[in-house]
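Here is a friendly tour of salt bridges, cavities and model confidence. Have the viewer open as you read, and follow along residue by residue.

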Amino acid sequence: MARAAERADLVPVIGLEVHVQLETDTKIFCGCSTEPAEEEEPNTRVCPTCLGLPGALPVLNEAAVEAAVKVGKALDADIPEETRFHRKNYYYPDLPKNFQITQYDAPLCADGELEFSHEGTRRTVTVRRAHLEEDPGSLRHVRDGPADLDVRTTSVDRADYSLVDYNRAGTPLMEVVTEPDFRDPGEVRAFLEKLEEVLEYLGVFDAGRDGSLRIDANLSMVEAEEVAADGHIDAEVLESANRTEVKNISSHKGAEQALAYERNRQENLLKRGKGVEQETRHFNETHGNTVSMRSKEEEKDYRYFGEADLPALQVSDWKERIAIPELPDARRERFREEYGLDAEAASKLTSRKAVADFYEAVAEEFDPDLAAAWVADTLLGELNYRDMAVEDVTDRLDEFTRLIELVATDEVTTKNAEEVVLRAMLDEGLSPDEVIEREGLGTADDDEVAMAVGEAIEENPDAVEDYHAGEGGAINFLVGQVMQKTGGSAAPDDVNAMLRERLDE
């Protein structure tokens, strides 16, 4: 490809390798627990197998294979009759054996796809392969201070040294490898969000785990004229464009930022007549840039050969007997048809399986639109403000439905239910009835409201005059006065109607 400064517009070509930690009780080749523990000591959840000690043999975890088959079926991938494991040889401090047990030319899944939306457009990305492998350990990069554990962590490019923790070594991973189908970093972020959504619905992934999803992204630049109308790029063009790999990105947002930076960096190099070096780079989240780590390895550098300690795995009958649940797109469409929700509400309520489950439980008791308003707008808004998730209140579903019932039967106003009762429920762990009794929030009876209406009219003659002059804001002012007098315990619609009736006499 020419590198003249006056070259045509450039288009990024992006492919992903997404490493997904599968949710299993034990590691992929041994019985060590994968359950994270608070303040867990480094190198305590290890055994001879995951430490790669001589003579220790791997035994495949059946649950990891079942989880991988579910992912393959959700991606509509081909699952072969037989799959095999290989050794990928390379040296790195967090890889105790100096090789990684993975899959090479016989992956568990191939030729899948995932559809997602980006800026109102539906896109489909091809998943070239998805295979099982073991996770390496983790590095803790530190600087300053003695070699103890009470030192400051930092990024790899600023560290004085690194500490190795093998607790993660051997955790089951599924690596999802896409074709280079992305043309914009924003598309990558949208794809990752959709992939994580699907994985959560399958029940094979916990986004709350540290390092549960890590992204390696390959990016190169090609001339816009080389891209066909359908987005296809000839293989020879792709082969001739030097690409960089950005390693170990830990978030959707980070992937978008890293690729946006890398796109601009490469574009600037090429437009100045310079070449792009094929290399592996590290994304520094603090500074939002990428830095060179090493020259990029090629496939031959890994010296793949068959894993002699693991026999070929027959999976032909597994794919038939392993069922997958209703996936997000299907549930979204069902919510629209079954509950009559609009596209925005259905999307919001199915963005996470736990939210969708919670909504359906509430919709069994109340009108679907009322349930949607309370869950999608009121509850999720309050939870997000507190950095909480719906899982934090799932065991209090009965209390939440009781609050809606109190509003529906006019025992508490919507305003007080939302702004006082629900907030006290979340902040103090109280039941709705306890909050209402403590705060005296029962709805005012008709006599109390009528008295407050009379007082508001008598005390605000200017507003009354404005009302009769046709000024629309006057009635709202008077409603506010009545609400003040009743401590917010009157229904605003009833107050409005009563005021108009009195004023129009």
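A residue counts as buried when its relative accessible area is under 20%, as exposed when that area is over 50%, and as partly exposed in between. With that cut-off, Arg386 counts as buried because its relative accessibility is 19%. Please keep in mind that this is a predicted model. The chain has a mean pLDDT of 87, and the structure holds 44 salt bridges as well as 2 cavities of 30 Å³ or more.

**Salt bridge Arg386–Glu382**

- Arg386 pairs with Glu382 through their side chains, with an N to O distance of 2.6 Å.
- Glu382 is buried too, since its relative accessible area is 12%.

**A salt-bridge network**

- Shared partners link Glu326, Arg331, Arg334, Glu338, Lys353, Asp357 and Glu360 into one network of salt bridges.
- One of the pairs to look at here is Arg331 with Asp357, whose closest N and O atoms are 2.8 Å apart.
- Arg331 counts as buried because its relative accessibility is 7%, whereas Asp357, at 32%, counts as partly exposed.

**Salt bridge Arg321–Glu66**

- Arg321 and Glu66 also form a salt bridge between their side chains, at 3.9 Å from N to O.
- Because Arg321 belongs to helix H5 (residues 318-321) and Glu66 to helix H1 (residues 62-74), the pair ties together parts that lie 255 residues apart in sequence.
- Arg321 counts as partly exposed, with a relative accessibility of 48%.
- Glu66 counts as partly exposed as well, at 25% relative accessibility.

**The largest cavity**

- What volume does the largest cavity have? The space in the largest cavity comes to about 70 Å³.
- Its lining is made up of Phe358, Leu379, Val393, Arg396, Glu399, Phe400, Leu422, Met425 and Leu426.
- Which helix gives the most to the lining of the largest cavity? That is H11, with 3 residues.
- Helix H10 (397-408) and helix H11 (414-428) each contribute at least two residues to this lining.
- Sorted by class, the lining of the largest cavity has 7 nonpolar residues, 2 charged ones and no polar ones.

**The second largest cavity**

- The second largest cavity has a volume of about 30 Å³.
- Cys50, Leu95, Pro96, Lys97, Glu134, Asp135, Pro136, Ala169 and Gly170 form the lining of the second largest cavity.
- By class, that lining divides into 5 nonpolar residues, 3 charged ones and 1 polar one.

**Confidence in the model**

- In this chain, 88% of the residues reach a pLDDT of 70 or more, and the mean is 87.
- Residues 1-7 have a pLDDT below 50, and beyond near neighbours in sequence this stretch has 19 contacts in the model.

Key:
Residues are numbered from 1 along each chain as its sequence is written. This is a predicted model: local features need pLDDT of at least 70, side-chain atom pairs count only at pLDDT 80 or more; totals for chains, interfaces and linings use all residues. Side-chain values use heavy atoms; hydrogens and water are left out. A salt bridge is a side-chain nitrogen of Lys or Arg within 4 Å of a carboxyl oxygen of Asp or Glu. Helices (H or I, at least four residues) and strands (E, at least two) are DSSP runs, numbered from the N terminus. Buried means under 20% relative accessible area, exposed over 50%, partly exposed in between (1.4 Å probe, protein chains only). On a 1 Å grid over the protein atoms alone, a cavity is a set of points where a 1.4 Å probe fits but cannot get out, and a pocket is an open set with protein on both sides within 12 Å along at least five of seven lines; lining residues have an atom within 4 Å of a point. Grid points are joined across faces, edges and corners, and a volume is the space filled by probe spheres set on the points. Ala, Val, Leu, Ile, Met, Phe, Trp, Tyr, Cys and Pro count as nonpolar, Asp, Glu, Lys and Arg as charged, and the others, Gly among them, as polar. pLDDT is the predictor's confidence in each residue, from 0 to 100. Contact means heavy atoms within 4.5 Å.
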